[in-house]
Amino acid sequence: MSGLNEKKEPDVFIVADNILSPLGNTTAQNFSKLKQQVSAVKKHYDPDISSQPFCASLFRNDDSFIKSGQHNYTKFEQLLIASISDALQDSGIDVHDKKTVLIISSTKGNISLLEKETMGEDLKKRIALPTSAKLVSECFGFINQPVIVSNACISGVLAIITGMRLLRSGLYENAVIAGADVISKFILSGFESFQALSPQVCKPFDRARDGLNLGEGAATIILSANKKYKQNMKVKGGAVSNDANHISGPSRTGEELAYAIKKAMEDAGVSASDVGFISAHGTATAYNDEMEANAFHLTGLQSVPINSLKGYYGHTLGAAGLIESIISIQSLKENLVLPTLGFENMGVTNPLNICNKLLAGDFKNCLKTASGFGGCNGAVVFSKK
């Protein structure tokens with residue numbers, strides 16, 4: 001009898017999106033390049049970032065993202081504003097509505113300012129993510145205080161899950177979710193200290209993989225619980241977990257990511273056989289790829305077509321989960337699974353169905369996974385129904 005009083009959670013629909021990357025300024029431009037297997041990862045020689053040449057996906061130094069105005073927005077903030085602007089255009093979403101919330105995802109924000117300015121109270125405030133979130137929010141006129149999600153490399157996926165949960169709760173009707181990160185000397189040197197960077201375009205899940213590439217980018221996805229969007233695709237479910245294993249090393253068993261995947265599928269009401277394809281985190285580092293492979297086996301997903309987009313974009317940190325989710329959504333729309341750039345020979349103990357060529361099919365649901373420093377894991381399911 002208790003179930004009679006339970007209120008059904010509203011569906012969460014995908015209204016609009018944008019990807020701003022070195023491959024293009026819109027989702028359509030980005031997806032077109034990916035279908036042609038064009039990578040934005042290149043060899044760079046930039047003494048401001050590293051004394052040694054490195055492979056990464058970077059914007060050009062002369063790239064302009066928004067028209068100059070009275071505000072002195074940083075590159076990070078400009079990326080967010082440009083991406084949000086494109087996604088909002090013709091979306092029908094009112095940012096001035098008290099039912100609309102802004103969610104910002106980033107791992108490092110304006111941390112690069114530490115390299116150029118003297119530390120003081122003003123700088124401490126300027127590099128704080130709430131400062132950037134407030135500036136971006138005010139630029140558009142959002143009424144509600146923005147929500148910030150910064151949880152290592154699952155930030156983008158967690159931001160989507162956070163938006164989904166806020167809409168399901170009834171606190172808001174619409175969520176504008178944006179993420180961005182900019183590569184700096186501080187960030188690059190951190191990954192160099194782990195000896196985690198590849199001197200070439202990375203090779204996720206491949207036997208010859210030797211590390212990751214970093215990347216810059218921004219992305220925005222707009223969600224709504226308004227039933228006028230009921231014909232749109234949905235965020236069906238999501239979940240997070242933590243390894244409690246090591247600050248920089250993932251679980252060796254994959255059980256914790258498997259837990260997040262199982263909970264996400266339960267939340268979405270789908271089984272392993274319903275998942276058409278998987279967009280993996282796939283960083284091309286030895287431990288991450290091995291852990292993910294274990295998790296996919298533990299959840300019965302080892303035969304499902306899997307790809308990683310890191311060979312196209314590099315690891316875009318706080319934007320990665322959003323960029324890769326939006327590409328997955330576009331893949332569902334076009335019934336195409338993109339190949340994993342750089343993959344040739346299976347390099348994980350538990351074999352997976354790694355997609356290494358453009359795969360056409362009739363796909364109803366897809367799973368996006370992410371894992372990050374501190375042992376965090378995230379999984380989210382997107383669906384046509």
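This is a predicted model: local features need pLDDT of at least 70, side-chain atom pairs count only at pLDDT 80 or more; totals for chains, interfaces and linings use all residues.
Residues are numbered from 1 along each chain as its sequence is written, and side-chain values use heavy atoms, with hydrogens and water left out.

In soluble globular proteins, nonpolar side chains tend to be buried together. Here the largest nonpolar core has 49 residues, and Ile221, Val235, Tyr313 and Phe382 have the most contacts inside it; such a core is a set of buried Ala, Val, Leu, Ile, Met, Phe, Trp, Tyr and Cys residues joined through side-chain atoms within 4.5 Å, where buried means under 20% relative accessible area, with a 1.4 Å probe and protein chains only. Helix 5 (residues 155-169) gives the most to this core, with 8 residues, helices being DSSP runs of H or I with at least four residues, numbered from the N terminus. Apart from this core lies another, of 32 residues, among them Ala16, Leu102, Ala133 and Phe140.

The largest pocket is lined by 27 residues, of which Asn61, Lys75, Lys116, Val182 and Ile183 lie nearest its centre; on a 1 Å grid over the protein atoms alone, a pocket is an open set of points where a 1.4 Å probe fits, with protein on both sides within 12 Å along at least five of seven lines, and lining residues have an atom within 4 Å of a point. Helix 2 (residues 75-88) gives the most to this lining, with 3 residues.

Key. Buried means under 20% relative accessible area, exposed over 50%, partly exposed in between (1.4 Å probe, protein chains only). Helices (H or I, at least four residues) and strands (E, at least two) are DSSP runs, numbered from the N terminus.
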